[in-house]
Every structure is written in structure tokens, then in C-alpha cells.
Amino acid sequence: ACAPGSRPRAPHVPTRPLRAPLVRGGATADEFFYPPRLRSVDRAEVGDLRIVLPRTAVELNEWATRLGNCLASFVPAVSQGACYVIGVEYLGRLTYCLEISPRGHVKQFLGERNCSPNRGHAESIITFLQVEGVVHDP
């Protein structure tokens, strides 16, 4: 169940046509590619939150199981660079996930079972990502 006052939201599923697997920037065919600016925030700590990037499809599937959502359906889009996924850990546990467009727009920021994130956590993460040049709008 979602936190009090929070309701599950219908997820956005990327619909951009996909091509063959993309390999750039030293990534292997099994690893996701992230632009340098996004890679630079991996493992960054923001108060008691930590930003993490999924490395592989297997890891993103594990995140889907942990969060009880449709993250597994994002594997093709992330593999192609049609979107990027950012995880947020709270006290060492994966708690939230963001979908970011290649242009740096936040498409989704949701917690377990697509519940809205804690407002303070969301503000801290979005502000940090804006300062770092990863996202351009909330």
C-alpha cells in the first residue's frame, strides 16, 4: 500500500521505436550506457538518500521485483538510450525510481507500487539533479 495520502499512479511506458542493442562509451552489450553527466551522479549521496544507476537488464529486473512495478518493461528503452532510469536508495534500500528523458526531463518519479515519493525526498533529489545538470525541470 502507498503511504497515507498517496495513491498509486498509472506508469508511463516508453513507446519510442527501438533499434538493435546500442553499445557506446565503453559499455558492453550487457551494460546500459549513460552519458558522462549522468554517470557522474552515480552513488552520490544527498542527505540520507543515495542515487544509483542500474548497470544491466538483470539489475533493472531485480529493481522491478523490489519496487513491485513495471521497470522490467523499460529494459529495451534504457538499452537504446530512449530513456534513463535512476534509482534512489533511502537508508541503503532502493525506495524510488526516476525515468529521465534523453533531454533531461523527468518523466516519472515513483516509489514502491508506483506510489508518489516523499515530498522532501523528491525535492532534495530533483534539486540535486538540477544543480548537477542532469535534469532541466521537475
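**The chain as a whole**

Please keep in mind that this is a predicted model. The protein chain has four helices and five strands. Going along the sequence, these elements come in the order α-β-β-α-α-β-β-β-α. The protein chain has 138 residues, and 46% of them count as buried. Its accessible surface amounts to about 7400 Å², with 52% of that belonging to carbon and sulfur atoms. Contacts in the protein chain also reach across the sequence: among those between residues at least 6 apart, 57% join residues at least 24 apart.

**The aromatic pairs**

How many aromatic pairs does the structure hold? There are two aromatic pairs. A pair of aromatic rings is described by the distance of the centres and the angle of the planes. Here are those values for each pair.

| Pair | Distance of centres | Angle of planes | Class |
|---|---|---|---|
| Y34 and Y84 | 6.0 Å | 45° | tilted |
| Y96 and F109 | 5.9 Å | 80° | edge-to-face |

Let us take Y34 and Y84 to begin with. Y34 sits in the segment before α1 (36–39), while Y84 belongs to strand β3 (residues 84–90). The two residues are 50 residues apart, and their pair links distant parts of the chain. Are these tyrosines buried or exposed? Both Y34 and Y84 are buried.

Now for Y96 and F109. Why is this pair edge-to-face? The planes of the two rings are at 80°, and an angle over 60 degrees counts as edge-to-face, so the pair falls in that class. Y96 lies in strand β4 (residues 93–100) and F109 in strand β5 (residues 106–111), 13 residues apart. This pair, too, links distant parts of the chain. Y96 and F109 are both buried.

**G111 in strand β5**

Strand β5 holds another residue to look at, G111. Why does G111 count as buried? Its relative accessibility is 3%, and buried means under 20%, so G111 counts as buried. Which residues does G111 touch, leaving aside those up to four places away in sequence? They are N69, T95 and Y96. Y96 is also the partner of F109 in the edge-to-face pair. Along the chain, G111 and L94 are 17 residues apart, and their C-alpha atoms are separated by 8.9 Å.

Note on methods: Residues numbered from 1 in each chain as written. Predicted model: local features only at pLDDT ≥ 70, side-chain atom pairs only at ≥ 80, totals over all residues. Heavy atoms only, no water. Phe/Tyr/Trp six-rings, centres within 6.5 Å; stacked < 30°, edge-to-face > 60°. Buried < 20%, exposed > 50% of the residue type's maximum accessible area, 1.4 Å probe, protein only. Contact = heavy atoms within 4.5 Å. Areas by Shrake-Rupley, 256 points an atom, 1.4 Å probe, with all protein chains shown as cover.
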